[in-house]
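Keep the model open as you read.

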Amino acid sequence: MEKDLVEYIAKSLVDDPDSVSVSMVEGEKSTILELRVAQDDIGKVIGKHGRIAKAVRTILSASATKSGKRAVLEILD
Amino acid sequence: MTRDFEGKTEQEAIDNAAKELSLDRENFDVEIVDPGKKGFFKKSNVKIRIHLHNDKNIEPKKVQRSEPVVPAKNENDFEKSVIDFVKNVIEKMGYSAEVQIAYRKDNKLGLNIVSSNSAIIIGKKGKNLDALQLLANVYAGQLDNTKKIIVDAENYRIRHEEQLVRMAYRTAVQVKKTRKSKLLEPMNPFERRLIHTALNDVVDVETKSEGEGLYKQVRIIYKGSSQRSSDSSVSSRDDLL
């Protein structure tokens, strides 16, 4: 499921996996995933010029094509 | 003992042979079976035959380039955790896959994804594969930042490279014919480098990257041997044509 996917990737990339949390807001056509990480780890999930965030979103949309629903990732600070 | 190999160039075929057999160049003789068809439109592969000097100390791997690779045994902890990471990501995406070591070369670790959902794992223009590779590299960087991970599926990367080079030659022919410069699709540094090197030894055209950021565009410019202009500005060059 999308939530597990984002959570797994985020936990694998940060220094403080315990502070990773993903909440899901289900809409009619799209699912919004809100990712929270420790303050110091935000750079680790966004990356230079948002490279990592972009890659995670790409992976997420590839995963979402299976369920036919759009998934949106928001990184909150 | 003899074995046959292919490559885009003679050198590449030899490199492939050396890699597959894990031998140094001086340990075998090379006979060129098919030098490959010359021409811009289609460059067929160069075929070579390898004659081994000493049959005894050689154990050729049972690996063929086009077939799924036999997983390398006894992977170390680093390799195992990177493989697990890639496998887990794909499985959490909702697809099943096997991830194997395709090759180890210098500081590179090549992984091959075997899955019945390859099309989705590769994605449009390989974007899912690139995203997976980027994440795998970030993950691997935490464990050992000297290693680079290459993620591939169905030999997509080599096929894509060949296709890019063919496209570059084709476009160069058009540029020569029309004497008008052409701008290619945005490409990443690795892909642009392929284009620049491929067209480096093609006469009458030159290549230049335009734009900002990671994804720049390559412009192929006609450079007639008679009226060589040293003007570097592309727009004024276009005005001349």
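Across the contact between the chains, 18 residues of chain A meet 18 residues of chain B, with contact meaning heavy atoms within 4.5 Å. A word on ground rules: this is a predicted model, where local features need pLDDT of at least 70, side-chain atom pairs count only at pLDDT 80 or more, and totals for chains, interfaces and linings use all residues. Residues are numbered from 1 along each chain as its sequence is written, chains are lettered from A and ligands numbered from 1 in the order in which they are written, and side-chain values use heavy atoms, with hydrogens and water left out.

How much area do chain A and chain B bury between them? About 1,700 Å², 71% of it on carbon and sulfur atoms; buried area here is the accessible area (1.4 Å probe) that two parts lose on being put together, summed over both. On the chain A side, A:Y8, A:L13 and A:I59 are the ones to look for: they supply 31% of the area that chain A buries against chain B, more than any other three residues. Two elements of chain A give two or more residues to this side, α1 (2-13) and α3 (51-67). Helices (H or I, at least four residues) and strands (E, at least two) are DSSP runs, numbered from the N terminus. The top contributor is α3(A), with 10 residues. By class, the chain A side splits into 11 nonpolar, four polar and three charged residues, where Ala, Val, Leu, Ile, Met, Phe, Trp, Tyr, Cys and Pro count as nonpolar, Asp, Glu, Lys and Arg as charged, and the others, Gly among them, as polar.

And how many salt bridges cross the interface of chain A and chain B? Zero, by the rule used, which asks for a side-chain nitrogen of Lys or Arg within 4 Å of a carboxyl oxygen of Asp or Glu.

α1(A) packs against α4(B) at an angle of about 35°, their axes 9 Å apart; axes are lines fitted to C-alpha atoms, for helices over the stretch in contact, and angles run from 0 to 180 degrees between N-to-C directions. From α1(A) come A:I9, A:S12 and A:L13, and they meet B:L135, B:V138, B:Y139 and B:Q142 of α4(B). That contact has five nonpolar, two polar and no charged residues.

Chain A has an open one of three strands, ordered β1-β2-β3, with mixed pairing; two strands pair if DSSP finds at least two bridges between them. Its edges are β1 and β3 (70-76), each pairing on one side only, and the twist averages 20° from one strand to the next. β1(A) and β2(A) (residues 30-36) run antiparallel over six bridges, and A:E26 has A:T31 in β2(A) as its bridge partner. α1(A) lies across β1, β2 and β3 of chain A at about 25° to β2(A), while α3(A) lies across β2 and β3 at about 155° to β3(A).

Staying in chain A, there is a salt bridge to find: A:K44 with A:D15, the closest N and O atoms being 2.8 Å apart. A:K44 lies in helix α2 (residues 42-46) and A:D15 in the loop between α1 and β1 (21-26), so the pair ties together parts that are 29 residues apart in sequence. Over all chains, the structure holds 13 salt bridges.

Over in chain B, three strands form an open sheet in the order β4-β5-β6, again with mixed pairing. β4 (98-105) and β6 (148-153) stand at the edges with a single partner strand each, so one side of each has no neighbour in the sheet. Neighbouring strands here are turned by 25° against each other on average, direction ignored. β5(B) (residues 108-114) runs parallel to β6(B), joined by six bridges, and B:K108 stands opposite B:K148 in β6(B). Helix α4 (residues 127-143) of chain B packs on this sheet, touching β5 and β6, with its direction at about 150° to that of β6(B).

B:V205 has B:Y222 as its bridge partner in β9(B). The hairpin has five residues between the strands, and there B:G211 takes a positive phi near 105°.
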